[in-house]
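This note sets out points for a colleague who is meeting the structure for the first time. Please read it with the sequence and the model at hand.

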Number of protein chains: 2
Amino acid sequence: MRWAIVLAGGVGSRFWPLSTAARPKQLLPLAGARPLVVDSVARLLGVVPAERVLLVTSRALQAALQEALADVPRANVLAEPFAASTAPALAWATARALSLDGSATVLSVHADWTVADPAAFRSAAAAALDLAEREGAVVTVGARATRPEIGYGYIVPGEPLAAGRARRIRRFVEKPAAAEAERLIASGALWNTGMFAWTARRFREEIERRTPELASALPALDRGDVDAFYRGVRPISVDVGLFERTSAGAVVAGDFGWDDVGSWAALPRVRATDAAGNVAVGAVHAVDTKDCVVWSEEGPTVLDGVADLVVVRSRGLVLVTTRERALHLKELLARLPPDVAGDGTAGAEGR
Amino acid sequence: MRWAIVLAGGVGSRFWPLSTAARPKQLLPLAGARPLVVDSVARLLGVVPAERVLLVTSRALQAALQEALADVPRANVLAEPFAASTAPALAWATARALSLDGSATVLSVHADWTVADPAAFRSAAAAALDLAEREGAVVTVGARATRPEIGYGYIVPGEPLAAGRARRIRRFVEKPAAAEAERLIASGALWNTGMFAWTARRFREEIERRTPELASALPALDRGDVDAFYRGVRPISVDVGLFERTSAGAVVAGDFGWDDVGSWAALPRVRATDAAGNVAVGAVHAVDTKDCVVWSEEGPTVLDGVADLVVVRSRGLVLVTTRERALHLKELLARLPPDVAGDGTAGAEGR
């Protein structure tokens, strides 16, 4: 049967001051009325039922996720003892699926994306799962690149692998310069979304062969000792620990309006804007103002005659920065006193 | 004896959202630790004693001013039944001085100015009072113009009137265009501060002869019926109602760092700035930020990578505008919903 794994452990600082360690990006209603993670799980229904959605998160977020996702069995929300990048998280959740279902096939996604076209998303997911089941491939879904984003990884597809849209993977390019990103896109490269599919058995074989950072700890996982598994692994991403090493990789192209909502500056891509290009959430009054992102939780915020700003009012704090600088909030937080930056500096981005 | 009148009735909106009808500009510590009106009265001491300082304000502000000015007798804070521009206010206060002191000479100032050089201010004030007493002139003090301000009135001095720095007044120019302001300054024109001096007797004679808008109501003032006086006058400024009509006018030039603190954009002229030209009051954290004015009363405000902004956080409101647009806050307030603009739109600027 088909299963989905939702990685939901991120604790990033990119939505400071709104986000906190206790309420990170995936628990915020950044793209609409519901937290991103709720939309992410809803989007999977139709590919898999809610009972076969597993989430991997931190102990700090487990209860909040169980609360937010009423349709998902509470036992499906797995809490890591500590974060160790994506490969251990996916290995644990894949093993969990396999322990419940000897023929499990797995689709993995992140909790904090937005998708403009959920039907196209489900079509790409089904194609990836088909390919994993039919060919025994470990599959990554590449999203059509719509701009030369320098913060993303790119997948260069190779020769066609089967009927339909699957190809082999020629190579991965991580965070290229803008000119290289333009060349990559022109040559047909796709964004590396982090959306994967595999059969649980094939994934286990691949990890055992390709990923020594995890392999020796798998017996701990087999006997159900998750703490020992995490103590036994070296943190590594599944991109590096598996996809860059395997010969069984394949990529399925998808065009479903994928966005990782990487910063405040991304909101105009994923939320409705007014006629002047502003995103306004809360009691915002924007006069002669254009292309701003304003999030006001604690009373009215008035913008007058400004452009290209990000203004956030949350948790007793006010942030005024530019859309450009909002891409680098972590650098700002490092320069603020700890009592102002708060736990915004506490963690990595979770990918 | 010498008296001072401080006009303290203004209810302007230029410092919205900090200022309110109940706490207008003159009651705000805009230039330092104390409200502007407290500094304005302190600056007069040495010219006149506190017992001979009279204030004219509104009934709404009377108690707050009595509270703020512990050294001034409470009875010296006069409350107008309603605002009627400067001539009636000065006529009332001058009549009050005359009723207590048959040889009263009066210096009048506004409550909401800043002065960089109080000693030079007192010297100019003394020169104006000397001239009023010696020559029977009605005297205006012109401040040296240091920039081609288009929001001010200018005085073009005429021939020398006596020894020292007094001249006749050739003409007044109200709010010239920038090019004309430059020409005026080059030709020796001074800013019309609204600082005046006269003997109480001479002022009464002048009003009776030149100012029909007030003259017929003077008997009501003489019998102590202030309400009847105000009902009987037509609102008019002393500039128009007296100085532009009299042949007894004179101007004394002063160079004492006068500023009327006309908007948020004025604060860098009257408060200390950091190395990047920012004025920061309250819990402000400015990173890679220059030439901004930030007033934060309710928790931390973080500015990152911005320039030339005015950011104000007060009374549950946040305002983000530019220094240029801060000159025209009244236009903004007219475009905001009444529940946001509040009483910021209620009144005129009080000059």
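In what follows, a residue is called buried when its relative accessible area is under 20%, exposed when that area is over 50%, and partly exposed in between. The model discussed here is a predicted one.

1. Strand 15 of chain A. This strand spans residues 317-322, and six of its six residues are buried. The cover extends to both faces: Leu317(A), Leu319(A) and Thr321(A) are buried on one side, and Val318(A), Val320(A) and Thr322(A) are buried on the other.

2. The partner within chain A. Strand 14 of chain A, residues 309-314, runs antiparallel to strand 15 of chain A, and six bridges join the two. Within this pairing, Val311(A) has Val320(A) as its bridge partner. The hairpin formed by strands 14 and 15 of chain A has two residues between the strands. In that hairpin, Arg315(A) takes a positive phi near 55°.

3. The partner in chain B. Strand 15 of chain A also pairs with strand 13 of chain B, in the parallel sense and over four bridges. Here Val320(A) stands opposite Leu303(B).

4. Extent of the interface. How much area do chain B and chain A bury between them? The value is about 2400 Å², with 60% of it on carbon and sulfur atoms. The size of an interface is often expressed in this way, as the accessible area lost when the parts come together. In terms of contacts, 29 residues of chain B touch 29 residues of chain A.

5. The side of chain B that touches chain A draws two or more residues from each of strand 12 (279-287), strand 13 (293-304), strand 14 (309-314) and strand 15 (317-322) of chain B. Strand 13 of chain B gives the most, with seven residues. By type, the residues on this side of chain B divide into 16 nonpolar, seven polar and six charged. Six salt bridges are counted between the chains. One salt bridge joins Arg335(B) to Asp288(A), with the closest N and O atoms 3.0 Å apart.

6. Backbone of two aspartates. Most residues other than glycine have a negative phi. Asp288(A), which takes part in the salt bridge with Arg335(B), has a positive phi of about 50°. Asp288(A) lies in the loop between strand 12 and strand 13 of chain A. Is Asp288(A) buried or partly exposed? Its relative accessible area is 44%, so it counts as partly exposed. In chain B, Asp308(B) has a positive phi near 60°. Its place is the loop between strand 13 and strand 14 of chain B, and with a relative accessible area of 39% it is partly exposed.

7. Cis peptide bonds. Most peptide bonds are trans. In chain A, however, a cis peptide bond joins Trp16(A) and Pro17(A), with omega about 0°. The bond from Trp16(B) to Pro17(B) is likewise cis, with omega near 0°. Pro17(A) lies in the loop between strand 1 (2-7) and helix 1 (36-44) of chain A, and Pro17(B) lies in the loop between strand 1 (2-7) and helix 1 (36-44) of chain B.

8. Helix 1 of chain B. Seven of the nine residues of this helix are buried, among them Leu36(B), Val37(B), Val41(B) and Leu44(B). The buried residues pack against several elements of chain B, including strand 1, helix 2 (59-68) and helix 4 (118-135). Just after the helix, Gly46(B) takes a positive phi of about 110°.

9. A buried proline. Pro176(A) is found in the loop between strand 8 (166-174) and helix 5 (178-186) of chain A. Its relative accessibility is 4%, and therefore Pro176(A) counts as buried. Beyond its neighbours within four places in sequence, Pro176(A) is in contact with Ile150(A), Tyr152(A), Tyr154(A), Ala181(A) and Leu184(A). The C-alpha atom of Pro176(A) is 7.6 Å from that of Gly153(A), a residue 23 places away along the chain.

Conventions:
Residues numbered from 1 in each chain as written. Chains lettered and ligands numbered in written order. Predicted model: local features only at pLDDT ≥ 70, side-chain atom pairs only at ≥ 80, totals over all residues. Heavy atoms only, no water. Buried < 20%, exposed > 50% of the residue type's maximum accessible area, 1.4 Å probe, protein only. Contact = heavy atoms within 4.5 Å. Buried area = accessible area lost by both parts, 1.4 Å probe. Salt bridge = Lys/Arg side-chain N within 4 Å of Asp/Glu carboxyl O. Nonpolar A, V, L, I, M, F, W, Y, C, P; charged D, E, K, R; others polar. Pairing = 2+ DSSP bridges.
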